[in-house]
Amino acid sequence: MLKQIETIQNADLSKFSTLKIGGKAKHIFFPKNKEEVCILIKESIDKGKEIHPIGIGSNTIFSDGILDKFFISTKNLKKINITKKNKDVLIEAEAGVSFKEIINIVKKYNLEGFENLSGIPASIGGAVAMNAGAFGSEIFDILEEVEWIDSEGNIHTSLKDEISFSYRKTQFQKEGFVYKAKLKLKKSDKDIPKIIKEHLLERNKKQPLNLPTTGSTYKNPEGNYAGYLLEQAGLKGYKINDIGFSEKHANFLVNYGNGQFKDLMRLLEYAEETIENIYKIKLEREIKIVK
Ligand SMILES: Cc1cc2nc3c(=O)[nH]c(=O)nc-3n(C[C@H](O)[C@H](O)[C@H](O)COP(=O)(O)OP(=O)(O)OC[C@H]3O[C@@H](n4cnc5c(N)ncnc54)[C@H](O)[C@@H]3O)c2cc1C
């Protein structure tokens, strides 16, 4: 049965991370439905391998070398179902649906609730797992329920209140494959496409979108901003060979061309040590490093 599932062997992991660095994966699987995800999870148990879901890879950095995990890409999980209930619109989206696709729906029906999230380069699965957010909003604000598969291959449907989540953190970072999410948005009287356009322009001004990046490297410590601390410590634009903190946004890691994993790790360790020495604050990584 495993043989029927689309697979790439010896896959170049740099193509699955927006920072464009990383070694090779023995296998990456591309299931096209829930049943295939369950087969993969059960197979991973039989083979004693850890599963690792991959969305757009905009928050993920892979190490060098050969990684022998059960990498499951959500690229082929793209179904969307839209239902309308009075002023509310429910969007059920499989894990591989991108925020760009959600924005198209939001603009088409002029829906309110997603504006602040527009511009985050996320898949639904990655966004739910990370509780992605921006400008004071997060995906859990508009989330109704999640269909997910546990590490034994059992399927669950959990309402938002049954899921453990906080700032950029959810239970799915420890366990489980997000298969589908239901979002609730409502019809708006405002000009939503205009508001979204303004958000995208704002991001363009502040973020280094012309270089490979993984967005915010560190979570904001309580009452402070990681970018501000890095900038005050002189790390804005600081780089080790081809990996550095952007000159445009100190909390964004960028790859200037030939970025290497070992330089990235040195850079992170240096930044964390510097911030701890100056401010006595331990920065917590938002990016996910996969070794
Ligand atoms: C230019 C840029 C701007 C960004 N701006 C923001 C921002 O404003 N706010 C913000 O929150 N983030 C931001 N990010 C980071 C990133 O876009 C988000 O964290 C996003 O939610 C990651 O989605 P993804 O599909 O790329 O996840 P990936 O990077 O592929 O995965 C992230 C984590 O989620 C897990 N995961 C992925 N899919 C699933 C699944 N189906 N089930 C279970 N776990 C899964 C992965 O295993 C990994 O641990 C930005 C990144 C970039 C490059």
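Me: What makes a stretch of this chain a domain here?
Reply: Domain bounds come from an automatic or database domain assignment. For this protein that assignment gives domain 1 (2-73), domain 2 (80-193) and domain 3 (209-290). The model is predicted: local features need pLDDT of at least 70, side-chain atom pairs count only at pLDDT 80 or more, and totals for chains, interfaces and linings use all residues. Residues are numbered from 1 along each chain as its sequence is written, and side-chain values use heavy atoms, with hydrogens and water left out.

Me: How do you know that domain 2 and domain 3 are in contact?
Reply: Contact means heavy atoms within 4.5 Å. By that test 5 residues of domain 2 are in contact with 4 residues of domain 3. The C-alpha centres of domain 2 and domain 3 lie 28 Å apart.

Me: Why is Lys20 called partly exposed?
Reply: Buried means under 20% relative accessible area, exposed over 50%, and partly exposed in between (1.4 Å probe, protein chains only). Lys20 has 44% relative accessibility, so it counts as partly exposed. Lys20 also has a positive phi, near 60°, in a residue other than glycine.

Me: What makes a set of residues a nonpolar core?
Reply: The set must consist of buried Ala, Val, Leu, Ile, Met, Phe, Trp, Tyr and Cys residues joined through side-chain atoms within 4.5 Å. The largest such core has 35 residues, of which Phe99, Ile102, Phe114, Ile124, Val128 and Ile139 touch the most other members. Helix 2 gives the largest share, 6 residues; helices are DSSP runs (H or I, at least four residues), strands likewise (E, at least two), numbered from the N terminus. Leaving aside neighbours within four places in sequence, Phe99 is in contact with residues including Phe114, Leu117, Ile124 and Ile139. Another core, of 23 residues, lies apart and includes Leu230 and Met265.

Me: How do you know which residues line the second largest pocket?
Reply: A pocket is an open set of points on a 1 Å grid over the protein atoms alone, where a 1.4 Å probe fits, with protein on both sides within 12 Å along at least five of seven lines; lining residues have an atom within 4 Å of a point. For the second largest pocket 15 residues qualify, with Gly55, Ile56, Ser73, Thr74 and Lys75 nearest its centre. Domain 1 and domain 2 each supply at least three residues of this lining.
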